[in-house]
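This briefing goes with the sequence and the 3D structure shown here. Please keep both in view while reading.

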Amino acid sequence: MNKNLSNIKKSKYLLNKGECIAIPTETVYGLAANAYSNTATSKIFKLKKRPKKNPLIVHYSSLEMLKKDCDLNKNFFKLFKKFSPGPITFVLKIKKNSKISKNVTNNKKTLAIRFPKHSLTRKLLKMLKYPLAAPSANISTKISPVSKEDVKDEFGKKIKFILDGGQSKIGLESTIISLINKPQILRLGGMQTSRINKILKTNLKLSKKNKKIAVPGQGKVHYSPEIPIRLNAIKPKQGEAFILIKKRKLYSKNFYYLSKTNNLKEAAKNLYKTLRMIKKKNFKSIAVEKIPNIGFGEAINDRLIRSSKY
Ligand code: TXA
Ligand code: MG
């Protein structure tokens, strides 16, 4: 049997037993469990050391299954048609008779859902009779994992299984949009806001006012490599790693490039990988050159600001 297929079957077996395992997605790796099960989802919180009040995103591969859990509206269908499967998460009204575990929603009336694009995870979801609750597969507030090795780095032997799907293509979490009343962007991420605005004919920006309340997991400190980060740096100080947006002729051992050619999409993909690499090299601090605040640069800056609050 092909290795991927046997790994998918192993994943299915473990998930059906109520275990939590890591799965690859196009954004970052997720720590997944049966979203209908209280015991399975409680393992996610324990392993991740995640506060109970922070709700989880639920991953689907079929609209039929989703319809049982959420009320779907016009804006949802517009965006779904264009962008799903892909790096966009929708916050919707949860149905009263939905089987989603109360752990997932923290007893709230809304549910964050998405259709991930990674082919292995899509195959896995199609084989299951339930959707998968999955936050990013890192210890709470730490850097999100974009490869099997990163997940191992976070959990060591505590994790039962990691479905290996190579490096995540996008490398940043999904964009979160609430479609409960007026659409609101709750988290910047892998889907550019400008593309969403084009479809909805709106001019949405990250909703700053309600951010803290509406997205409980977007606290100040997040994505942290656990060493100080200095933003908008012109040059590094003694002993600092220096993150640059594009490759320079000038090279020094402590220089880390996010892209070859000033490409913000490529930079987003390399951000977490680079932070993790620097952390392992035992630098005392990190300097980051100014990143243009346009396109994917907005999401990169959002993450860097949070990781600098350590
Ligand atoms: O790309 C992603 O979205 C990844 C992959 C694994 O799918 N997942 C991810 O999950 O980033 P997590 O748990 O690391 O971040 C989810 C964020 C949290 O900040 C959480 O508070 C917020 O989504 N969230 C979950 N349910 C919500 C809801 N009903 N309303 C508002 N925010 C919600
Ligand atoms: Mg996370």
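Predicted model: local features only at pLDDT ≥ 70, side-chain atom pairs only at ≥ 80, totals over all residues.

Residues are numbered from 1 along each chain as its sequence is written, chains are lettered from A and ligands numbered from 1 in the order in which they are written, and side-chain values use heavy atoms, with hydrogens and water left out.

- Helices (H or I, at least four residues) and strands (E, at least two) are DSSP runs, numbered from the N terminus.
- Asparagine 54 has a polar side-chain atom 2.6 Å from an oxygen atom of ligand 1, and serine 174 likewise has a polar side-chain atom 2.6 Å from an oxygen atom of the ligand.
- For threonine 110, a polar side-chain atom lies 3.0 Å from a nitrogen atom of ligand 1.
- On its own, ligand 1 has 680 Å² of accessible area, and the protein covers 96% of this. Accessible areas come from the Shrake-Rupley method with a 1.4 Å probe; for residues, only the protein chains shown count as cover.

**The two domains**

- The domain assignment of the protein chain gives domain 1 (3-200) and domain 2 (229-307); such bounds come from an automatic or database domain assignment.
- The C-alpha centres of the two domains are 27 Å apart.
- In domain 1, 20 residues are in contact with 16 residues of domain 2, where contact means heavy atoms within 4.5 Å.
- Methionine 277 is part of helix 10 (residues 264-280).
- Methionine 277 counts as partly exposed because its relative accessible area is 37%; buried means under 20% relative accessible area, exposed over 50%, and partly exposed in between (1.4 Å probe, protein chains only).

**Buried residues and what they touch**

- Threonine 25 sits in the loop between strand 1 (21-23) and strand 2 (30-34). Its relative accessibility is 2%, so threonine 25 counts as buried.
- The side chains of threonine 25 and arginine 114 are joined by a polar contact of 2.9 Å. A polar contact is a pair of N or O atoms within 3.5 Å; within protein, one must be able to donate a hydrogen and the other to accept it, and residues adjacent in sequence count only if both atoms are side-chain atoms.
- Not counting residues up to four places away in sequence, threonine 25 touches Arg114, Pro116, His118 and Ser168.
- Serine 101 is in the loop between strand 5 (88-94) and helix 5 (102-105), and it counts as buried because its relative accessibility is 2%.
- A polar atom of the serine 101 side chain is 3.0 Å from the backbone nitrogen of asparagine 103.
- In helix 2 (residues 38-48), the buried residues are Ala40, Thr41, Ile44, Phe45, Leu47 and Lys48. Their cover includes strand 2, helix 5, strand 7 (132-133) and helix 7 (148-155).

**Backbone features**

- Most residues other than glycine have a negative phi, and most peptide bonds are trans.
- Serine 84 and proline 85 are joined by a cis peptide bond, with omega about -5 degrees. Proline 85 lies in the loop between helix 4 (74-83) and strand 5.
- Asparagine 107 has a positive phi near 65 degrees and is located in the loop between helix 5 and strand 6. Asparagine 107 counts as exposed because its relative accessibility is 58%.
- Tyrosine 223 has a positive phi near 55 degrees and lies in the loop between helix 9 (211-214) and strand 10 (229-230). Tyrosine 223 is buried, as its relative accessible area is 1%.
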